[in-house]
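Hi,

Here is the structure I said I would pass on.

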Amino acid sequence: MQQLSLFDSSNEYSLSPATAPLADRMRPQSLADYVGQTHLCGNGRILRQMLEKDQVCSMIFWGPPGVGKTTLARIIAGMTKSDFVNFSAVTSGIKEIREIMKQAEENRAYGIRTLVFVDEIHRFNKAQQDAFLPYVERGSITLIGATTENPSFEINAALLSRCKVFVLKELTKEDLTQMLRRAMTDKRGFGNTTVRMEENTLSVIAAFANGDARMALNTLEMAVLNGEICPDGSITVSRETLEQCLGKKTLLYDKKGEEHYNLISALHKSMRNSDPDAAVYWLARMLESGEDPLFIARRLIRFASEDIGLADNQALQTAVAAYHACHDIGMPECNLSLTQAVVYLCLAPRSNALYRAYETAKADALTRLSEPVPLVIRNAPTQLTDELHYGEGYVYAHDTAEKMARMTCLPESLKDRRYYLPTEEGAEGLMKERLEKSRAFRL
């Protein structure tokens, strides 16, 4: 537990000494320097408006590590000119809570507000969380809790009902790259040092950090401190040095550039060619380069319907299951779920009949948008539509022995068109038999 006054020039808001980690030295001190969370802190957004009006309530910040929860709490304390009390749910107990609450009550009598920040608040037990309740209710303190866990499950309902929950999002690669550039030019970072590195080094570090600002800054600092010191005092960070800091090769990859499309094309065409060895290699290339696994999973879902379709109904289910696995557990754990789906799709029977059916039907639909719906299959919800013979002659298929009716459901000019032309691959062979019987019955 650490109590700080914002009106003490020696407090934590002063510039950190040069020996402090880069992540601490570069911690933003105002919203102007704060990176990310524009949905909360951007102009006109709710949290920014609350701060500008000095109407801060107790709140919970929920988000992954390294997205700025602690930093945002400190900025709020500075903007509201409050005493800032930093609790750690790991090391603080009820005794410490009561001591600080007593001090907060005394400060309140002198018109001084107290902002209590509890990191990892989900680690507090029920009794510890309950100890805050009366002080939050009386307004003796403004409580800001930070958690990486869903507060609905980890925080007492009574305390949660008195706090506004704000969801902090994972920082984007662009956010992290912007932050790293600032660290390279700011005097708190490496602004006083000439550092030479390849053009895409900061982007590689940003991709590696996977949304975590602390990890990004720590990696940059490690790379610079381990760079080669030149005779003129400058520092050169080589690709080899960076790879050692990352613990892996820095593959050439831009998730928005040509290589992005080259690799997903290679994966798709390797699967289409029933080549699991090549497909798994291209999958690994993409994942290890920082590609979003959900993007790959979406492409697998498309492949399952475009290239396999009804030849194997399990293909689509397998691809969708892989998507959910990626969403629920993320990288690196979901890499095997994607591998399982890729190999299955590679070895499944092939049919592009669904793809051809839709593309042919789409062409007709776009050129014949005025084709009327046959009266027999129109709905007749009103007396007027009934008088116009909507639905007249309709036969409920379930009432027939064949479970089919001899009705024409296509517009008259298209009644002989055939869109779905099944193959005999896998289970689609059975679909073909049923379709031929159905069409023969309706002739």
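On disulfides (pairs of cysteine sulfur atoms within 2.5 Å), searching the whole structure turned up zero. Take C245: the cysteine sulfur nearest to its own belongs to C230 and is 16 Å away, and C245 is in no disulfide. C245 is also buried, at a relative accessible area of 15%, while C409 is partly exposed at 46%. For those words, buried is under 20% relative accessible area, exposed is over 50% and partly exposed is in between, with a 1.4 Å probe and protein chains only.

Before you go further: this is a predicted model, where local features need pLDDT of at least 70 and side-chain atom pairs count only at pLDDT 80 or more, though totals for chains, interfaces and linings use all residues. Residues are numbered from 1 along each chain as its sequence is written, and side-chain values use heavy atoms, leaving out hydrogens and water.

Next, Q129. It sits in helix α6, residues 126-130 (helices are DSSP runs of H or I, at least four residues, and strands are runs of E, at least two, numbered from the N terminus). Q129 is buried, with 1% relative accessibility. Its side chain reaches the backbone oxygen of F124 at 3.0 Å. Leaving aside residues up to four places away in sequence, Q129 touches I121, F124, E154, I155, N156 and L159, where contact means heavy atoms within 4.5 Å.

F153 belongs to helix α8 (residues 151-154). This one is exposed, with a relative accessible area of 69%. F153 and H122 are 31 residues apart in sequence, and their C-alpha atoms are 8.9 Å apart.

Further along, V373 is in the loop between α19 (353-367) and α20 (383-387), and is partly exposed at 45% relative accessibility. Together with I377, Y394 and Y396, V373 makes a nonpolar surface patch of about 390 Å².

Last, H389, in the loop between α20 and α21 (428-442). H389 is partly exposed too, at 40% relative accessibility. Its side chain makes a polar contact with that of E392 at 2.7 Å (a pair of N or O atoms within 3.5 Å; within protein, one must be able to donate a hydrogen and the other to accept it, and residues adjacent in sequence count only if both atoms are side-chain atoms). H389 and S289 are 100 residues apart along the chain, with 62 Å between their C-alpha atoms.

Cheers

How values were computed: Patch = residues over 30% accessible without salt bridge, like charges linked within 9 Å, V, L, I, M, F, W, Y side chains within 5 Å. Areas by Shrake-Rupley, 256 points an atom, 1.4 Å probe, with all protein chains shown as cover. Salt bridge = Lys/Arg side-chain N within 4 Å of Asp/Glu carboxyl O.
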